[in-house]
Amino acid sequence: MIDQVSKAFFHGLARSGGLKQLASRYGMRRPGSFARRFIAGETIEEAIEAARIIQASGLMLTLDQLGESVATTAEADAATRVYLSVIDRIVAAGIERNVSLKLTQLGLSIDRATCVDNLRRILDGATTHSFFVRVDMEDSPVTQVTLDIFDTMWQQGYRNVGIVLQSYLPRSVEDAKRLNQMGARVRLVKGAYKEPRNVAYQQKSDVDAAFVEITKLLLADGTYPAIATHDPAMITATKQFAAERGITPDRYEFQMLYGIRRDLQAQLMAQGYRVRVYVPFGREWFPYFMRRLGERPANIGFVVRGILRDR
Ligand SMILES: Cc1cc2nc3c(=O)[nH]c(=O)nc-3n(C[C@H](O)[C@H](O)[C@H](O)COP(=O)(O)OP(=O)(O)OC[C@H]3O[C@@H](n4cnc5c(N)ncnc54)[C@H](O)[C@@H]3O)c2cc1C
């Protein structure tokens, strides 16, 4: 229950223009500013620098140029061109070729055909350079269309692309079975958005039980699934099921967010598991940052301390 109240509170705050202005002013200003805990930087150079450190430590990574819900086709086109240049910069930097993106960044909320065209442009660029592209999952009004667009790309023969399922959506069990049959790569998450009770589980225990159920489906019948969580109970359940079924650690990976549970990332890696870090960067970091606060209200403490210190 507290989870839902806190999510609702922070999702409400995320829409506040004044707060956005305040956060934008102080959040990334200095190397120690508060938003830098979760965001690698505002520029691709800063992201590459963070990526090099992560890669040198033995962890894998995926880069996410932050942005969502663009309002015009011109913005969607600009975001697509930025992604293509990010691909070039990653190639030049010699870091791992793996990116994550959101379809509303490519124009999904404006026009589906534009979004499909933009995604195809990125996948073509990604294919040329052997990249893997993960399509993040956003809130429930776009769940079905996101899956439909993913299917379209799959039918058109793209295989360097994966999708995300959220365990807070009861529908995800059936989606997982279907994606397993296709041979598609799935990242499983609990789900980060504030969703109504007729669409998503509201109790943590239900979300967790579904997470374990879907993890088992993906491990048993899926294609190189990514189990994306910082929750030790979910990680233990994953390891246990994989061990019982003789599924070796090279057949799946754990994923965690930049700046969250670095200790656990290192510990899993030392135990021989694959761990990928999701590295977000870019000027449009505010909504992403607010979702991270909503997951753990205790984080608000370091934000307030950061603002007071930086003023
Ligand atoms: C690689 C990756 C990609 C993701 N992609 C998507 C996506 O495409 N769509 C989507 O809806 N969601 C996405 N998420 C977010 C996800 O849905 C959850 O909101 C988020 O991972 C928190 O859930 P949890 O599994 O860590 O479990 P929780 O039960 O929320 O947390 C378990 C523990 O993790 C730690 N923790 C979790 N969050 C934080 C935080 N913000 N700050 C500090 N500690 C924290 C705490 O120790 C907490 O007790 C992604 C998450 C990851 C790791």
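This is a predicted model: local features need pLDDT of at least 70, side-chain atom pairs count only at pLDDT 80 or more; totals for chains, interfaces and linings use all residues.
Local features were considered at pLDDT of at least 70 and side-chain atom pairs only at pLDDT 80 or more, whereas totals for chains, interfaces and linings use all residues. Residues are numbered from 1 along each chain as its sequence is written, and side-chain values use heavy atoms, with hydrogens and water left out.

The structure holds 21 salt bridges, a salt bridge being a side-chain nitrogen of Lys or Arg within 4 Å of a carboxyl oxygen of Asp or Glu. One of them joins the side chains of Asp 64 and Lys 102, at 4.0 Å from N to O. Asp 64 belongs to strand E1 (residues 60–65) and Lys 102 to the loop between strand E2 (98–101) and helix H5 (112–128), so the pair ties together parts 38 residues apart in sequence. Helices (H or I, at least four residues) and strands (E, at least two) are DSSP runs, numbered from the N terminus. Both Asp 64 and Lys 102 are buried, where buried means under 20% relative accessible area, exposed over 50% and partly exposed in between (1.4 Å probe, protein chains only).

A salt bridge also forms between the side chains of Glu 96 and Arg 276, at 2.8 Å from N to O. This pair links distant parts of the chain, 180 residues apart, with Glu 96 in the loop between helix H4 (73–93) and E2 and Arg 276 in strand E8 (residues 275–281). Glu 96 counts as partly exposed because its relative accessibility is 24%, while Arg 276, at 5%, counts as buried.
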